[in-house]
Every structure is written in structure tokens, then in C-alpha cells.
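Hi everyone, thanks for having me.

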Amino acid sequence: YMIFPYHCLTNFIEAKNGRQLKTNYILDEAIGLQFKTIFDLIRANSQSPNKMIVEGLITAFLGLILDNIALEKQEKSGQVQLTSKILDFVNQNFTEDLTLEDTAAHFAYSKYYFSKLFNSLIHCRFDNYLNMVRAQNVISLVQRKKRSVADAILESGFSSIPTFYRYFKSQYRCSIKQYLKNQNRPEPDQSQLSPIAYLKREQDF
């Protein structure tokens, strides 16, 4: 994660006009790649003496958020707290045999009511969110802890390896092997590229 200076957020806060983001997640892979590209550029230039570069990239990043995530009136504080508790519970237990029924029972709701509640709060189905968290953990285990893909899948809570492969292919439009290969490709020489040229080259892959 990264903390942005407050003075870089003033236009973003003004544009929100007291509203909140309708969701905290980007599920579209192409848009997600745009976010990652700008984020990587911000990180790569964080120590640059030319602060205008970083501030411009932060502005582009926040603008991309407003372009791709709808705004809505602020939720009541109770809803915000409940959302946080639900996501914390899932994030702490996704490696187990976690189900919609289990999670609903933990919060003393019926399966059917909780399913609708989760959808209204998180703006995606419970199983989609759970699988997204698990898939991201698989990627993290393989990249950072050098687990084999098979071990990472089973350690992340998927019921079987084929289940993971079906989910991953449907969401990422490629195999896990292709995804990891793209992630590990050599970065271009950023000193020879403007941010715009770098973004265009990233989109060409």
C-alpha cells in the first residue's frame, strides 16, 4: 500500500463532494492493469527530486478511480462497521473451508438474508469475493514465498486445483502460468520513457 500526501487529495475530495465510493474493488482485469501501471510508476518515482512527476501520477491514479467507480451517498456508520467486520472475518478465515452459511451463522443471519446483505454492502457475490481473496493469496504465495502453484492453491482454501484453474481463467482470461510470466517480465528502462509512453507500452502487452 501507499500513503498519498494530503495536498494531493484536495481535488479528489472536492470531486467526491461528501460521497463515498460505491465499491472498494476493481474486478475488471484491464482496468486493474491500468491502476497497477500507475501505482508502479508512483513507487518508482517516489524518490525523484521532481515532485511534479509523482503528484501528476497521483492525480492520474485518483482520476482513474473516479472514472471507474461510481459515487454514492455516505453509508450510515453502522453499515461501514458491519462491512469492515464481515471483510475482516473473511480475510482471516479464507484459508479454511469457509462457506456462505458459515459466515452468515457467525453474524447471526440466515443464509438468504446474508447473501443479499453482502451483495448490497460489497457489491459482489460472496463466493466471488471469497475466490478473489483466495486467488490473490495464491499469487502472493507463489511470488513472495516461492510456493509451488499446487501447494499455494491448497493453502489458500480452494477445494481443489481444478476449481482454482476454472476460477482463475474466468477472471484473469489467462492461466496462472501466463499471468506469473507476465508479472515477471523485465521492466523497461523507465529513465528513457515518459509516463505516457510507459503506460502505452504496458497496454501493448
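Let's start with the exposed residues Met 52 and Asp 67, which sit on the face of H3 turned away from its buried side. Keep in mind that this is a predicted model. So what's on the buried side? In H3, the buried residues are Val 54, Leu 57, Ile 58, Phe 61, Leu 62, Leu 64 and Ile 65. They cover an arc of only 150° around the axis, so they end up on the same side of H3. If you're wondering about that spacing, an α-helix has 3.6 residues a turn, so residues three or four places apart point the same way.

H3 itself runs over residues 51-68, which is 18 residues. From its first C-alpha to its last it reaches 26 Å, close to the 26 Å expected at 1.5 Å a residue. And at the start of H3, Asn 50 has a side-chain oxygen within 3.1 Å of the backbone nitrogen of Met 52.

Okay, on to the rings. How many aromatic pairs are there? The count comes to 17. One of them is Phe 158 with Phe 164: edge-to-face, 5.1 Å centre to centre, with 75° between the planes. Both Phe 158 and Phe 164 are buried.

Then there's Phe 168 and Tyr 179, with ring centres 5.7 Å apart and planes at 85°, so that pair is edge-to-face. Phe 168 lies in helix H9 and Tyr 179 in helix H10, so the pair ties together parts that are 11 residues apart in sequence. Phe 168 and Tyr 179 are both buried.

How values were computed: Residues are numbered from 1 along each chain as its sequence is written. This is a predicted model: local features need pLDDT of at least 70, side-chain atom pairs count only at pLDDT 80 or more; totals for chains, interfaces and linings use all residues. Side-chain values use heavy atoms; hydrogens and water are left out. Rings of Phe, Tyr and Trp (its six-membered ring) pair if their centres lie within 6.5 Å; planes under 30 degrees apart count as stacked, over 60 as edge-to-face and the rest as tilted. Buried means under 20% relative accessible area, exposed over 50%, partly exposed in between (1.4 Å probe, protein chains only). Helices (H or I, at least four residues) and strands (E, at least two) are DSSP runs, numbered from the N terminus. The expected span of a helix is 1.5 Å times one less than its number of residues. The arc is that of the directions from the helix axis to the C-beta atoms. A polar contact is a pair of N or O atoms within 3.5 Å; within protein, one must be able to donate a hydrogen and the other to accept it, and residues adjacent in sequence count only if both atoms are side-chain atoms.
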